[in-house]
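Hi everyone, let me walk you through one model today. Have the viewer open, and stop me whenever you like.

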Amino acid sequence: MDEQPESPDGVPLDERRGAGPHRGARRRALRDGHARMRLRLDAHPRLRLLYKIGVGVLGALIVVVGLVLVPLPGPGWLVVFLGVAVLGTEFPAAHRITLWVRRLVGRARLRWRAWRVARSARRASSVKPSAAPSR
């Protein structure tokens, strides 16, 4: 049977996550366009160097702005990690830092989900019989 799992509100989970029939095609088109751009850059060494310098300056600028924002209210660390991700597109050390942060965020997300499930289970088990709806 081809039944899709549904969320509590009745919407199929694939549609809820935004995984439509064109999602893969868009990603492929972006990836192919990026690969073509890289081939053009690799064919021109001076242009490649200029591009790498531009990415370095832009990434460093984003990191500096993020560090300025850290003590202020707002997304300071998020901006710093965004700048490191921009640098990671050209520099292997920054890419390794980005991968480390992604793993850290993934583990934190899994812990948070497990905590939510455990909390809802505790709440469900602590419901008093008099508070339960009668049928």
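Before anything else, contact here means heavy atoms within 4.5 Å. Helices are DSSP runs of H or I with at least four residues, strands are E runs of at least two, and both are numbered from the N terminus. Now the ground rules: this is a predicted model, so local features need pLDDT of at least 70 and side-chain atom pairs count only at pLDDT 80 or more, while totals for chains, interfaces and linings use all residues. Residues are numbered from 1 along each chain as its sequence is written, and side-chain values use heavy atoms, with hydrogens and water left out.

Okay, confidence. pLDDT is the predictor's confidence in each residue, from 0 to 100. The chain averages 83, with 77% of residues at 70 or above.

On to α3. It has 25 residues and runs 36 Å from first C-alpha to last, close to the 36 Å expected; that expected span is 1.5 Å times one less than the number of residues. Buried, by the way, is under 20% relative accessible area, exposed is over 50%, and partly exposed is in between, using a 1.4 Å probe and protein chains only. In α3 the buried residues are V55, G56, G59, I62, V63 and G66, and they pack against α4.

That takes us to the core. A nonpolar core is a set of buried Ala, Val, Leu, Ile, Met, Phe, Trp, Tyr and Cys residues joined through side-chain atoms within 4.5 Å. The largest one here has 5 residues: V63, V80, V84, L87 and A94. Helix α4 (residues 76-88) is the biggest contributor, giving 3. Setting aside residues up to four places away in sequence, V80 touches V63, G66, L67 and V70.

Next, α5, residues 92-125. Its end C-alpha atoms sit 50 Å apart, which agrees with the 50 Å that its 34 residues should span. A94, T98, V101 and G106 are buried in α5, and α4 is part of what covers them.

So which residues does T98 touch, leaving aside neighbours within four places in sequence? V84 and A85. And why does T98 count as buried? Because its relative accessible area is 17%.
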